[in-house]
Amino acid sequence: MLRQSVVLTDANSQPVTEDNAPIVTYDPVARTVTLASPKAPGVEWLKEGQPYKLFFLVPPDDEADDRGLRAIDRATLDPNQPREIAFYVGPKNGVSRAEPNVSFCTDVLPIFALKCSQGTCHGGRGAQAAAGLVLDSASGVTHTAIGRVAQGANTGGAAAPPEPPGKVFGVNMPIVDPGNPGNSWLLYKVELAPAPVVDAGPPPRLACAGPPGAPASAAPAPDYFPLVPAAPYADEIERGILNDYVLGREMPYPVAQVRSPTEQALTFQEREKIRLWIAQRAPVEACGGCGDAP
């Protein structure tokens with residue numbers, strides 16, 4: 001998702017200066033595009049009391065031109081739909097974050113431990129972790145997920161370095177790209193899975209030790225709803241298109257008969273917690289092991 005995907009102008013349709021061009025990010029879970037200030041915290045960005053316009057561009061037929069929004073399969077927006085949004089910058093409304101902070105130890109690692117580390121999947125204890133990816137410990141996530149090119153995205157040698165997003169989706173995409181959920185293979189693997197449809201009961205409670213000096217806490221933390229889009233899960237057509245570009249099966253690996261929460265696909269809230277963690281630069285604390293809470 002590039003700055004050239006959208007155009008921000010003043011009321012007279014004059015583009016803002018380059019230093020005021022917004023940072024454009026993509027949420028592959030909620031399938032939303034967010035524009036954020038390029039300025040440091042506390043530095044004024046848009047003028048209070050002034051109107052602005054936002055234009056969504058349709059890329060020209062030239063495949064070499066990346067201006068405008070494109071889907072994973074390079075499809076463009078319908079040129080006949082409304083593509084202009086006018087808005088007014090009102091007074092500041094508090095200083096709270098638009099999205100909640102997440103904790104790796106209490107929000108993210110329990111999801112990995114419960115739903116990604118069973119049997120011969122991505123647990124580091126016992127059998128060899130699938131694809132060399134270990135997700136049941138802070139050390140495993142640090143050394144095998146963050147900044148490492150996914151096997152399904154690797155088009156070069158065994159040690160191919162991660163690449164920024166390009167014209168072709170997913171080429172040498174890292175499993176987790178800190179700060180960039182839209183360029184993190186892990187999220188697309190979980191998005192291949194349909195919504196959970198079986199009520200397998202509440203997930204077991206885990207006790208994960210937090211950073212040094214922090215008390216152990218029961219996890220996962222209560223679900224929150226930072227974004228609840230009209231269609232929180234990709235439909236069959238969208239998953240079919242995604243499957244053409246993301247190799248392998250959906251994650252967690254599907255089972256014929258779901259008998260426990262650990263065998264279910266991730267819920268929308270679980271996917272959003274992982275997405276938020278990546279967006280917040282994927283910090284990893286030394287949490288210790290996650291075991292059944294007493």
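A charge sits over a ring if NZ of Lys or CZ of Arg is within 6 Å of the ring centre and within 35 degrees of the ring normal. Keep that in mind for a moment. This is a predicted model. In the model, arginine 249 lies over the face of tyrosine 253. The distance from the ring centre is 5.5 Å.

Now the sheet. How many strands form the open sheet, and in what order? Three strands form it, in the order β1-β4-β5. The pairing is antiparallel. β1, residues 6–10, and β5 stand at the edges. Each has a single partner strand, so one side of each is left without a neighbour in the sheet. From one strand to the next, the twist averages 20 degrees.

Look at β1 and β4 together. Five bridges pair them in the antiparallel sense. On this pairing, threonine 9 stands opposite lysine 53 in β4.

Strand β2 covers residues 23–27, and strand β3 covers residues 32–36. They run antiparallel, joined by five bridges. Find threonine 25. What is its bridge partner in β3? The partner is threonine 34.

On to the rings. A pair of aromatic rings is described by the distance of the centres and the angle of the planes. The cut-off for a pair is centres within 6.5 Å. By this rule the model has five aromatic pairs. I will show two.

One is tyrosine 52 with phenylalanine 87. Stacked or edge-to-face? This pair is stacked, at 5.9 Å centre to centre with 20 degrees between the planes. Tyrosine 52 lies in β4, residues 51–56, and phenylalanine 87 in β5, residues 84–88. So the pair ties together parts that are 35 residues apart in sequence. Tyrosine 52 counts as buried, because its relative accessibility is 9% and the limit for buried is under 20%. Phenylalanine 87 is partly exposed, with a relative accessible area of 30%.

The other is phenylalanine 169 with tyrosine 245. This pair is edge-to-face. The centres are 6.4 Å apart, and the planes stand at 85 degrees. Where do the two residues lie? Phenylalanine 169 is in the loop between α2 (138–144) and α3 (185–191). Tyrosine 245 is in the loop between α4 (236–243) and α5 (268–279). So this pair ties together parts that are 76 residues apart in sequence. Phenylalanine 169 is buried, at 16% relative accessibility. Tyrosine 245 is partly exposed, at 30%.

Phe104, Phe112 and Trp277 form one aromatic cluster. Hold on to those names, as we move to the core.

In soluble globular proteins, nonpolar side chains tend to be buried together. Here, the largest nonpolar core has 37 residues. Which residues have the most contacts inside it? They are Phe104, Phe112, Val176, Ile274 and Trp277. The elements that give two or more residues to this core are α1, α2, α3 and α5. The largest share comes from α1, with six residues.

Last stop: threonine 106. Which helix holds it? Threonine 106 is in α1, residues 104–115. Buried or exposed? Threonine 106 counts as buried, because its relative accessibility is 17%. Its side chain makes a polar contact with the side chain of serine 103, at 3.2 Å.

Conventions. Residues are numbered from 1 along each chain as its sequence is written. This is a predicted model: local features need pLDDT of at least 70, side-chain atom pairs count only at pLDDT 80 or more; totals for chains, interfaces and linings use all residues. Side-chain values use heavy atoms; hydrogens and water are left out. Helices (H or I, at least four residues) and strands (E, at least two) are DSSP runs, numbered from the N terminus. Buried means under 20% relative accessible area, exposed over 50%, partly exposed in between (1.4 Å probe, protein chains only). A polar contact is a pair of N or O atoms within 3.5 Å; within protein, one must be able to donate a hydrogen and the other to accept it, and residues adjacent in sequence count only if both atoms are side-chain atoms. Two strands pair if DSSP finds at least two bridges between them. Rings of Phe, Tyr and Trp (its six-membered ring) pair if their centres lie within 6.5 Å; planes under 30 degrees apart count as stacked, over 60 as edge-to-face and the rest as tilted. Axes are lines fitted to C-alpha atoms, for helices over the stretch in contact, and angles run from 0 to 180 degrees between N-to-C directions. A nonpolar core is a set of buried Ala, Val, Leu, Ile, Met, Phe, Trp, Tyr and Cys residues joined through side-chain atoms within 4.5 Å.
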